[in-house]
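Please walk me through this model in the viewer, stop by stop. For each stop, tell me what to select and what is there.

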Amino acid sequence: MTDYLIVGASILGEAPADLLIRDGRIHSIGPETALLGQDVPIQTINASGLVALPGMVDLHVHLREPGREDAETVETGSRAAAKGGFTAVHAMANSSPVADTAGVVEQVQRLGLESGWTEVYPVGAVTKGLGGKVLAELGAMAESSAQVRMFSDDGHCVNNAQLMRRAMEYVKTIDGFVAQHAQDADLTGWDTEYAAQMNEGRVSATLGLPGWPAVAEEAIIARDVLLADYVGSRVHICHVSTKGSVEIIRWAKQRGIQVTAEVTPHHLMLTDDLVKSYNPVYKVNPPLRTEADTQALREALAEGIIDVVGTDHAPHPDQAKECEWNQAAMGMTGLETALPVVQHAMVETGLISWRRFAEITSVRPSEIYGHGHQGRPFAQGEPANIILVDPSATTTVQPENHATKGRNSPFRGIELPGQVRHTFLGGHQVVLDGELATSRTMGNAA
């Protein structure tokens, strides 16, 4: 394993220091002269002007494999994650077949280990086939080699309250949690010809598109935090998108209810005014909301009411987006633009520091899932899951240059700040000068 001397990096955006990485861990931190003198080969990286952060951890991605390799594979999604600065991602269950058995989650785990660009953790389905009728094999997935602890029907809501209660009761016994896609099917016309197409409001009325009311999200969140309180279980709310949802989560946290929440980068920056273009790249679930919602989400993330950023990376083949709005698939790519968007929306607006950035993109998601080696502090002996970011760089988003198979980025043509220059996974350099390294060691990031 190559040793690395990182010279002059700004640790968490604060004082510069030199880092020596040896045997996959942070060996020492201090002036360069104190770290040299070892009789082993060392590769030196000049990190002057770069910010050193813990590798990012994404609780919410769609890697599509098995079954939807036309949209993404674990390999291509992992490559995109590494380029985006993620050293761990959690793959949602809506593959084909659905990840609702030990066999499927173990397959996803194996594919992640074989890829080796980032750690891949399978998310197990809550219900069989995401059908919302019968609980999936939660215990078998938890006891499998994948050791699943996060369960979600994401893409679908667990609408049945009794079923959600039983799921919460079950996962509590295995120290797991349910991640809920909060969408009341009756209020959004799910799976009907009148299905909601965008945020319900002024723009939907003008365009004549079926509206997706904020209360469809808020009602499910309110129900589920009450259930979590009653059962004494944890619940995680996926992709929060409304101001009202923020207030419900705030209330729940003030009562000591075990609720955590995430927001996507696109909901921090984009609004439903973009739908006026009828460009399906802006069609997403939950939909883009209003400027007031966007501002409330930013403030909630800065305050800690919303715990983490989750990309909801949802790649689609071109034909699923290059069609009329009503027929287009919902979803946006996000792994390779997450850091620049959050830097733009949160850091450069003064809402958060780089230290706080590390908390919402790495430390807190690692705590929620229970990782022991991700989101760790910069200290001697800690695993070297590290990224070096150039905050002064600017890049015009060109999806054709992304590692993901998906080209459905809503940020196409937009100039964004910040670039991941280097990514280290367990001490192995998987991204070098902004590009994927030519080789990596598979499956040993811990």
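Select glutamine 109 to begin; this residue belongs to helix H3, which covers residues 102-115. The model is a predicted one. At a relative accessible area of 18%, glutamine 109 falls under the 20% cut-off, so it counts as buried. Next, display what surrounds it: apart from neighbours within four places in sequence, glutamine 109 is in contact with Pro122, Ser145 and Ala146.

Move on to the helix pair. Select residues 161-173 for helix H5 and residues 214-231 for helix H8; the two pack with axes 10 Å apart and at an angle of about 45°. That angle makes H5 oblique to H8. The crossing of H5 past H8 is right-handed. To see the contact, show Ala161, Met164, Arg165, Met168, Glu169 and Lys172 on the H5 side, and Arg223, Asp224, Leu227, Ala228, Tyr230 and Val231 on the H8 side. Coloured by class, the residues of this contact come out as seven nonpolar and five charged, with no polar ones.

The last stop is the sheet. Five parallel strands make up an open sheet, in the order S9-S10-S13-S14-S15. Its edges are strand S9 (150-151) and strand S15 (308-309), each of which pairs on one side only. Now select residues 177-180, strand S10, together with residues 235-237, strand S13: three bridges join them in the parallel sense. Within this pair, look for valine 178, which stands opposite valine 235 in S13.

Terms used: Residues numbered from 1 in each chain as written. Predicted model: local features only at pLDDT ≥ 70, side-chain atom pairs only at ≥ 80, totals over all residues. Heavy atoms only, no water. Pairing = 2+ DSSP bridges. Helix = DSSP H or I, 4+ residues; strand = E, 2+ residues; numbered from the N terminus. Buried < 20%, exposed > 50% of the residue type's maximum accessible area, 1.4 Å probe, protein only. Contact = heavy atoms within 4.5 Å. Axes fitted to C-alpha atoms, helices over the stretch in contact; angles between N-to-C directions. Parallel < 35°, antiparallel > 145°, perpendicular 65-115°, else oblique. Left-handed = near helix turned anticlockwise from the far one by under 90°. Nonpolar A, V, L, I, M, F, W, Y, C, P; charged D, E, K, R; others polar.
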